[in-house]
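Thank you all for making time this morning.

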Amino acid sequence: MKARRNKKQVPSFRKLLKTSKVKLENKLKNKQFKQQSTLKKYRKEQRKLRQAVKDAVSKKPMPLEDPKKIRPGKRIEREEEEEEEALPLDMMDADDLQLMRDLGQRASFLTRDLSSSEPVHVKKRKHEHVIDKYEKIPRTLQTAPEKELIHLLPIKDKSGIIPQTREKPVIDSKQDEEDEEELELEEEIVEDPIRELTLEEHLIERRKKLQEKKMHIAALASAILSDPESNIKKLKELRSMLMEQDPDVAVTVRKLVVISLLELFKDITPSYKIRPLTEAEKSTKIRKETQKLREFEEGLVSQYKFYLENLEQMVKDWKQRKLKKSNVVSLKAYKGLAEVAVRSLCELLVALPHFNFHNNIIVLIVPLMNDVSKSVSEMCCEAVKKLFKQDKLGQASLGVIKVISGFVKGRNYEVRPEMLKTFLCLRIKEIEVKKDTEDINKPKKFMTFKEKRKTLSRMQRKWKKAEEKLERELLEAEASESTEKKLKVHTETLNIVFVTYFRILKKAQRSPLLPAVLEGLAKFAHLINVEFFDDLLVVLHNLIESGDLSYQESLHCVQTAFHILSGQGATNEGVEILLQCLDVMLTKRRKQVSQQRALAFIKRLCTLALHVLPNSSIGILATNRILMHTFPKTDLLLDNESQGSGVFLPELDEPEYCNAQNTALWELHALRRHYHPTVQSFAAHLIAGAPSEGSQALKPELSRRSAAELFQTYSMGAMTFNPPVQSSSSKKKSEVLQGDLFLNEDLNQLIKRHCGEVATHLPLDFAKYLKTSLR
């Protein structure tokens, strides 16, 4: 027969709700009473055990009786015991015999019941009165035990619910309280108190724990590096240490594990992307080496994914200011962990752009570029710049640009300008915008069979067939990206960049992002489609005319406009941008610039050189030198005689009609007395007519450099002066001046002469004066 199944099941919550309230209360009370009864029994047994131990310790054994008073029956028993001994008594010495007798008298002590207080070898007497013994016991009043009700299941009839109870005696509560106090005292005595460590001992213990953790991390990392395919499972063991629970070393250990895993993934990750296996590939039989490689790849991708999730969780915990249930890591320490996690994500973004989950890393990094913490924001922006600079193919850069563009639009253009300044590091100078998108990815065309038959012979067709077959195989096996594909990626990247720039120009013209947009347009303006030139120039002109821009932003607009027309790029700011604008506008477009305009600019630049820092003055004077060489007739500004009619109007907006030929470069004479030696050299050189040879010519290190290079060379951004100021050599006083050294030289000579004339003509007679004093 089949065993009958136990159909009793645990009642569900819905059934429990249907049960009456009285029934549930009774069940709860019965359960509590059972627990109390079990605890009372345990306490009673402990109390009996303690009482027995106390009796055994307190009761002392009675002294042994005199052996002469032993009854005959007892003597017979002793003789029988003595006969069982190995040696007869007649073979012993007198001393040995006495010793054995003494031992025999004390033998009963070894077999006595210590808990008994009766004398040794005493038998019960039959004639002892039981009633007398009972009367000697002290009498106690018998009290009725307290009763406690046990609630049973109720009975329901027509009148309603009838509760059922049962009485049960309850043990005295006072005795239970005494037992509980005794148990508590014993527990306090048994338990050893934990000794508190001093600060120095605590630090030593922490250092010891940390050293053990470091050795364990190093052992796991070394094993993984030695044989990654065999020890890939140890990655999981190492990653599990990210959940370190010891509060003394939790933060440090987690940081060490994060950095160790970062370096491990950078070393053991292959140079290709690992794709998931299909069902057909999983079902096919493969060799052991291939199976081992697959297991390694699957384990690597899995642990890499979990590692990224752990880093993301660290950043989220810091952002949300939430503590874990264990509270192992303090809230203050979460920032340090988050910074280490962000640094690891930045390293992976740059080091593994080809590997799995790179887009997930981009999605994590881009919002952190706009983080409130300046250190985190700069860290992420620098990582993105580094990725742009080293990305030759452009695929990773395209992914970052897409996410940044969407993030800026989603935040309504309220982001840090540093996010858009990263666009300046894109490597897309070699793109050819003139090509259409269809021509960029145009595949190579092979000859058809009819074309071969018409133009080629039989042998030529055979060779052509083999050549085309080889070319197809090379195209399929080519690992590097083709030039056409790279151009296509760069074109798509530039489109997104310009869309972002144009949106800001249209919707957020007063945004702090405008300088970064104008600087980016100045860099990539030569790559903009010609169709957008007119619209862009109109926007730039309206921005300048609005008067809302600063001088740097206005210069960026001018620089962008001229770069659009000239096709040159620049990345500097401030006066350096002005110098580049002048170079593009005047020097490289010399044929479109009139002499009057050149004279006006030279005069205004000399005036500007009086009001700027030394490095800016050097750059402006270097620009004037180039203009004087480019336009030879501008040397008339070095003469004080006027040329033609009219008066110089310096405040006129149009430089063509300001009559600059009727003024002179008197600013050069003021700059010739400048405190900076290089400014003095440039001013003297221009006053002499900017000669290429002779004593007034510049040194090669000054004449061969451009204005922008001189601006950077003599910059005082690092709080240094170029050339360095020579320190004044203070002469140390070799000797201390005496009183006569302060006098006039003639007076000193006169004093010395008179002192030399004084001489003692007679010898001094001290005895004469001694005799006089004795008298």
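Among the contacts in the protein chain between residues at least 6 apart in sequence, 66% join residues that are at least 24 apart. Please keep in mind throughout that this is a predicted model. The protein chain has 775 residues, of which buried residues make up 31%, and its secondary structure consists of 33 helices and two strands.

Let me now turn to the aromatic rings. A pair of aromatic rings is described by the distance of the centres and the angle of the planes. The structure holds six aromatic pairs, and one of them is formed by F265 and Y304, whose ring centres lie 5.1 Å apart with 65 degrees between the planes, an edge-to-face arrangement. Where in the chain do F265 and Y304 sit? F265 belongs to helix α10, residues 250–268, while Y304 belongs to helix α12, residues 288–320, so that this pair links distant parts of the chain, 39 residues apart. Are F265 and Y304 buried or exposed? Both F265 and Y304 are buried.

Y304 also takes part in a pair with F355, and here the ring centres are 5.3 Å apart and the planes stand at 65 degrees; because an angle over 60 degrees counts as edge-to-face, this pair is edge-to-face. Since Y304 lies in α12 and F355 lies in the loop between α13 (333–351) and α14 (358–368), the pair ties together parts that are 51 residues apart in sequence. Y304 and F355 are both buried.

Two packed helices are described by the angle between their axes and the distance between the axes. For α12 and α13, the angle is about 140 degrees and the axes are 8 Å apart, which means that α12 is oblique to α13. The crossing of α12 and α13 is left-handed. Which residues of α12 make the contact? On the side of α12 they include Y304 and Y307, together with L308, L311 and W318, and on the side of α13 they include Y334, L337, A338, A341 and L345. The residues of this contact of α12 with α13 divide into 14 nonpolar, one polar and two charged.

Note on methods. Residues are numbered from 1 along each chain as its sequence is written. This is a predicted model: local features need pLDDT of at least 70, side-chain atom pairs count only at pLDDT 80 or more; totals for chains, interfaces and linings use all residues. Side-chain values use heavy atoms; hydrogens and water are left out. Rings of Phe, Tyr and Trp (its six-membered ring) pair if their centres lie within 6.5 Å; planes under 30 degrees apart count as stacked, over 60 as edge-to-face and the rest as tilted. Helices (H or I, at least four residues) and strands (E, at least two) are DSSP runs, numbered from the N terminus. Buried means under 20% relative accessible area, exposed over 50%, partly exposed in between (1.4 Å probe, protein chains only). Axes are lines fitted to C-alpha atoms, for helices over the stretch in contact, and angles run from 0 to 180 degrees between N-to-C directions. Angles under 35 degrees count as roughly parallel, over 145 as roughly antiparallel, 65 to 115 as roughly perpendicular and the rest as oblique. A crossing is left-handed if the near helix is turned anticlockwise from the far one by less than a right angle, and right-handed if clockwise. Contact means heavy atoms within 4.5 Å. Ala, Val, Leu, Ile, Met, Phe, Trp, Tyr, Cys and Pro count as nonpolar, Asp, Glu, Lys and Arg as charged, and the others, Gly among them, as polar.
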